[in-house]
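Notebook open. I wanted to go through the chains one at a time and then look at how they meet.

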Amino acid sequence: MTGFVIQRLLLAVLVVFGVSIVTFFLTFLSGDPAALMLSADASAEQVAQFRHDWGFDDPIIVQYGRFLGRALQGDMGMSLRHGTPALPLIADRLPATFQLTLTAMAMAIFAAIPLGVISATHRGSAIDLVTMTVALVGQAIPAFWLAIMGILFFSVSLGWLPTSGRGTLLHVIMPASVLAIGLTALLTRLTRSTMLEVLSEDYVRTARAKGLRAWAVLSRHALRNALIPLVTVIGLQFGYILGGAVVIETVFTWPGVGLFTIQAITNRDYPVVQAAVLILSTAVVLINLLVDLLYGLLDPRIRVRA
Amino acid sequence: MTTSTTTAGTATVAQRATGGPGRARPSLRFLRRSPLMTLGMFLVGLVVLAAVLAPWVGTRDPIQQNLALSNRPPMWQPRGTAQAPLGTDQFGRDVWSRIVYGSQISLAIGTAASLIGGLVGVTAGLVAGFYGGKVDTIVMRIVDLNLAFPLILLALAIAAILGPSLQNLILVMALTTWMIYARVVRGITLSIREREFIQAARAIGAVDTRIMFRHILPNLFAPVMVIWTLELARVILMESALSFLGVGVPPPTPTWGRMLAEGRSVLTTAPWIATFPGIAITLTVLGVNFFGDGLRDLLDPRLRKQT
């Protein structure tokens with residue numbers, strides 16, 4: 001197990017290193033970072049001055065070394081718009097984003113697993129049909145549209161929920177639910193299919209044959225084995241949920257990293273964009289590392305093979 | 001999947017699905033047994049028709065403003081007019097026409113990006129799986145790296161930096177889709193590589209590229225088609241999100257995402273502007289997904305369980 005953990009850790013460090021390279025080169029995509037960050041009407045002298053001040057006239061490898069060295073010390077440069085260090089600006093907004101994404105993931109898991117299990121055990125019934133239809137539609141609806149329709153219905157027409165902002169529990173309900181829809185649909189379908197697979201296994205038949213109650217067979221023998229693939233998918237989906245949060249935060253003006261990053265993109269505040277991309281991607285890598293380790297813990301075959 | 005040509009492979013699977021060889025027109029029979037796939041084909045067909053026939057299907061020029069006719073509700077509501085069946089926006093532009101023309105952008109970006117991504121991903125996966133070793137490690141680490149980014153954030157940043165244009169958006173979207181192809185293709189290539197018919201091909205002196213493209217590639221057809229439909233749906237959704245956030249194809253070209261964003265600011269007074277483009281996106285993605293699910297069942301029943 002120790003070898004497995006070390007191998008996964010090294011891999012994660014390697015990926016984060018790669019992420020830092022990509023993040024660094026983001027601003028070079030347009031050819032000239034100085035021109036990108038200044039407004040279009042900046043004079044040639046202003047551009048030259050800016051380039052010199054920010055070290056853009058050094059060789060690229062030197063610039064990357066400086067970027068990495070500073071990033072490792074928690075310095076991601078200054079926000080061009082706010083005039084303060086970029087990293088704290090992002091860090092301050094991380095709790096709001098995690099509140100939103102983790103609530104959404106919890107909602108999806110608690111809704112999807114029971115729904116998927118019921119669909120699987122009642123295969124072909126009306127419940128199964130309705131659940132699967134809703135799940136199919138749920139995977140096709142753009143979350144930001146659902147958010148707008150939700151605002152129209154629950155906030156404007158009924159006046160039950162606030163349209164924007166963060167503060168009370170009421171504020172979380174709509175953004176988190178909307179964010180959870182796609183994941184819920186995916187997990188429900190996945191739970192159903194893995195449960196169907198597991199339920200036809202010999203060990204489930206054995207458990208039934210020895211007279212265990214239906215509930216015990218389901219929870220202890222079937223679901224526990226069906227959970228293994230689910231854990232991986234939930235981990236892999238974390239990146240998608242974070243991405244989705246970027247959009248949903250904008251709709252609900254939820255004061256998280258997503259909304260802030262969109263504003264930074266509009267303001268050409270690229271040090272902030274870089275900090276956001278680096279931090280959120282590192283978060284994805286860490287979550288996937290955690291899932292990998294958890295997976296090794298759940299399923300001994302994985303760590304032995306590694 | 002032992003057949004070496006694609007058409008033969010499809011035909012046998014289809015025949016198996018309909019209960020044996022020799023039955024007439026197996027594919028049509030399958031359509032009747034798979035109503036969802038039929039529905040999917042119907043929906044996708046409608047959107048494709050709308051995109052191709054836009055000048056005839058649209059009621060008016062989608063960009064033309066008409067302030068005398070601004071903020072009209074759909075025709076079945078009071079103040080609605082048959083000139084604009086789904087209403088107009090604040091500039092008097094026809095919502096129906098804008099949705100019809102918007103389908104061109106969604107389909108163009110969706111198709112082009114998922115095809116380019118597919119081309120890159122299949123090649124990368126094929127090479128990684130076939131050669132293994134260092135090549136495999138490098139390709140798969142790049143895949144891991146690309147997957148570590150919240151894709152929509154990466155796409156947003158790149159699109160904003162490169163400047164939003166149709167070509168840039170297609171490239172950015174392709175960058176979010178190739179990894180899935182690479183992963184799946186690599187896995188399948190790894191297992192096919194060990195099969196006897198590959199050894200046989202090598203024994204008669206086939207070179208690597210010939211083995212990869214003539215002997216392995218045809219066996220990838222079914223899974224790649226299935227991924228392609230799923231990715232097409234995902235790319236269409238993501239394009240609408242980027243457009244909604246303001247980095248889509250720039251105005252005045254109508255896109256579904258931007259229509260939604262514009263409708264959002266007048267949500268309480270003119271809710272139809274944001275409502276209909278959302279329905280268009282949902283039906284399109286639903287159609288592609290239904291089609292993809294059906295295709296998976298048709299091409300490879302063994303894939304059915306992997307949602």
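Predicted model: local features only at pLDDT ≥ 70, side-chain atom pairs only at ≥ 80, totals over all residues.

**Chain B, overall**

I started with contacts in chain B between residues at least 6 apart in sequence: 69% of them join residues at least 24 apart. Contact here is C-beta atoms, placed from the backbone, within 7 Å. Residues are numbered from 1 along each chain as its sequence is written, while chains are lettered from A and ligands numbered from 1 in the order in which they are written.

I looked up the secondary structure next and found 14 helices and 0 strands in chain B. Those are DSSP runs numbered from the N terminus (helices H or I, at least four residues; strands E, at least two). As for burial, 47% of the 307 residues of chain B count as buried. Buried takes 20 or more other C-beta atoms within 10 Å of a residue's own, again placed from the backbone.

**Helix 14 of chain B**

I checked the length: helix 14 of chain B has 28 residues and runs 40 Å from first C-alpha to last, close to the 40 Å expected at 1.5 Å a residue. The expected span is 1.5 Å times one less than the number of residues. Helix 14 of chain B is also mostly covered, with 24 of its 28 residues buried.

**Helices 12 and 13 of chain B**

How do the axes of helix 12 and helix 13 of chain B cross? They come within 7 Å and cross at roughly 40°, which makes helix 12 of chain B oblique to helix 13 of chain B. Oblique is what remains after roughly parallel (under 35 degrees), roughly antiparallel (over 145) and roughly perpendicular (65 to 115). I have the axes as lines fitted to C-alpha atoms over the stretch in contact, with angles from 0 to 180 degrees between N-to-C directions.

Among the residues that meet there are B:Leu242 and B:Phe244 from helix 12 of chain B, and B:Trp256 and B:Leu260 from helix 13 of chain B.

**Chain A**

I count 13 helices and 0 strands in chain A. Buried residues make up 39% of its 306 residues. The C-alpha trace of chain A spans about 85 × 60 × 30 Å along its principal axes.

**Where the chains meet**

Last, I looked at the interface: 35 residues of chain B are in contact with 41 residues of chain A. Helix 7 of chain B gives the most to chain B's side, with 10 residues.

Note on methods
Contact = placed C-beta atoms within 7 Å. Buried ≥ 20, exposed ≤ 12 C-beta atoms within 10 Å, placed from the backbone.
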